[in-house]
Amino acid sequence: MGENVNPLADLRYAAAVPRIPEHAAAPNGHLADRLGRPLRDLRISVTDRCNFRCTYCMPKEVFDRDYRFLPHKSLLTFEEIARVARLFVLHGVHKLRLTGGEPLLRKDVEALIAQLAALRTVEGGRLDIALTTNGSLLERKARALRDAGLERVTVSLDALDEAVFQRMNDVGFAAADVLRGIDAALSAGMRRVKLNMVVKRGTNDQEIVPLARHVRERYGALAVLRFIEYMDVGATNGWRMDEVLPSAEVRARLAAAFALEPLARTAAGETAERWRYVDGGGEVGFISSVTRAFCRDCNRARLSTEGKLFLCLFADHGHDLRALLRGGASDEQIAAAIGLVWREREDRYSELRAAMPTGGNGSDGSARKIEMHYIGG
Ligand code: SAM
Ligand code: SF4
Ligand code: SF4
């Protein structure tokens, strides 16, 4: 295998082994960080690999055939993921989301879903398990995922127009195949499917109304399309503020085609602003990570494929839980270490971004930010 010569592709993020406090109380579900935010949501990346090369996430020029993905032995096993997920649930996590890379590329991922579904009894039935996917393998896998206990999927789809979509995924994958995956998820009995569209000005913004129309007409209330502002994650996508189409503008374009009215927030920490079509055609969401930071309510932690815990999507270092898992620490010790890490958390990158000299694109010499495909969306 060739050595990787592209410096942008060197993704060895710093991660310290977390300290195990000596006298920690057992987790009681009421952990709060320095800004008073609880821990409610854990995103678990199950692979750093992907069969797409979305230009805003894994540009081909960087993630080429010489790129070295994580070796299999460094990935957390399903047993390790389930062990650590249980400790998070004890700390108050209500929601687990599998992501990646492309999570459906991880072999037998449904076996992991089944192990995680068993944690519902630990939490008393409130644990929500979801998965974010590019949809390419969904048609084939939806039934097995549902049978294993998965109730919800989020499918990314950036355009209905084949040329636009294929340019964005950069591997020529057809939008029609993703749509078939969504149909399969619904026929398998998944609850309301969410669709994520990352909007890039000048690339796919002309697709906002056609995609919304299609989703309304085909799925009605069974699917919710969410528009995501293009974010400055990682250091490889060449992010520029002028390619961000603010949610307010997306909403204005949509409102010119369909009458909309706002909906109340259903849960603290919810990232999307929810609106509905006045004529009853369903719901849409706007995720304004750039123009309207929601750090104040951010109750989310992220576990990387190799077991590093990150407290923010824009963190430049993690906490190496795998070292504890494989180093003989007990569940009590690992839970105590997680508790300490969360109590010390004060991340609020999006709130601070506005004050950064370069708008946060990393070119100000700040430490390397984590790539989205590594940490998961
Ligand atoms: N491969 C799966 C997928 O695409 O759904 C899961 C992982 S992907 C990293 C998770 C989500 O992050 C996707 O909805 C994707 O569109 C979004 N995403 C990736 N890069 C982004 C960026 N620069 N700005 C905003 N969203 C991004
Ligand atoms: Fe792959 Fe998802 Fe990133 Fe696209 S957004 S390259 S599908 S991980
Ligand atoms: Fe949470 Fe960090 Fe995003 Fe703020 S920037 S909402 S703290 S992940």
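Before looking at sheets, I note my rule: two strands pair if DSSP finds at least two bridges between them. Helices (H or I, at least four residues) and strands (E, at least two) are DSSP runs, numbered from the N terminus.

I'm working on a predicted model, where local features need pLDDT of at least 70, side-chain atom pairs count only at pLDDT 80 or more, and totals for chains, interfaces and linings use all residues. Residues are numbered from 1 along each chain as its sequence is written, ligands are numbered from 1 and chains lettered from A in the order in which they are written, and side-chain values use heavy atoms, with hydrogens and water left out.

**Strands**

I started with β1 (14-16), which runs parallel to β13 (residues 317-320) through three bridges. A15 has G318 as its bridge partner in β13.

On to β12 (residues 308-310): two bridges tie it to β13, antiparallel. L309 pairs with H319 there, and the β12-β13 hairpin leaves six residues between the strands.

β12 also runs antiparallel to β11, again by two bridges, and L303 stands opposite L309. That hairpin has four residues between its strands, and G307 in the turn shows a positive phi of about 80°.

Next I checked β2 against β11: four bridges, parallel. D41 has R300 as its partner in β11.

Is β11 (residues 300-303) covered on one face or both? Both: R300 and R302 on one side, A301 and L303 on the other, are all buried (under 20% relative accessible area; exposed is over 50%, partly exposed in between; 1.4 Å probe, protein chains only). Side chains in a regular strand alternate between the two faces of the sheet.

L39 sits in the loop between β1 and β2 (41-45). I find L39 buried, at a relative accessible area of 0%. Beyond four places in sequence, L39 touches L31, F88, H91, G92, V93, N299, A301 and W342, where contact means heavy atoms within 4.5 Å. L39 and F88 are 49 residues apart in sequence, yet 8.2 Å apart C-alpha to C-alpha.

I followed F88 next. Among its contacts beyond four places are L42, A301, L309 and I338. The largest nonpolar core has 119 residues, and F88, F227 and L254 have the most contacts inside it. Such a core is a set of buried Ala, Val, Leu, Ile, Met, Phe, Trp, Tyr and Cys residues joined through side-chain atoms within 4.5 Å. Helix α1 (residues 78-90) gives the most to this core, with eight residues.

**Helix α6**

I ran a span check on α6 (residues 175-187): its 13 residues reach 19 Å from first C-alpha to last, close to the 18 Å expected at 1.5 Å a residue (1.5 Å times one less than the number of residues). Its buried residues include A175, V178, L179 and I182. Among the elements covering them are α4 (138-148), β6 (193-199) and α7 (208-219). Just after α6, G189 takes a positive phi of about 100°.

In α7 I looked up R218, which is partly exposed at 46% relative accessible area.

**Ligands**

Which residues surround ligand 2? I list C50, F52, C54, C57, M58, G101 and N134, each with a heavy atom within 4 Å of it. Around ligand 3 I see, among others, C295, C298, C312, R302 and R345. The ligand 3 shell holds seven nonpolar, one polar and four charged residues; the ligand 2 shell has five nonpolar, two polar and no charged. My classes: Ala, Val, Leu, Ile, Met, Phe, Trp, Tyr, Cys and Pro are nonpolar, Asp, Glu, Lys and Arg charged, and the others, Gly among them, polar.
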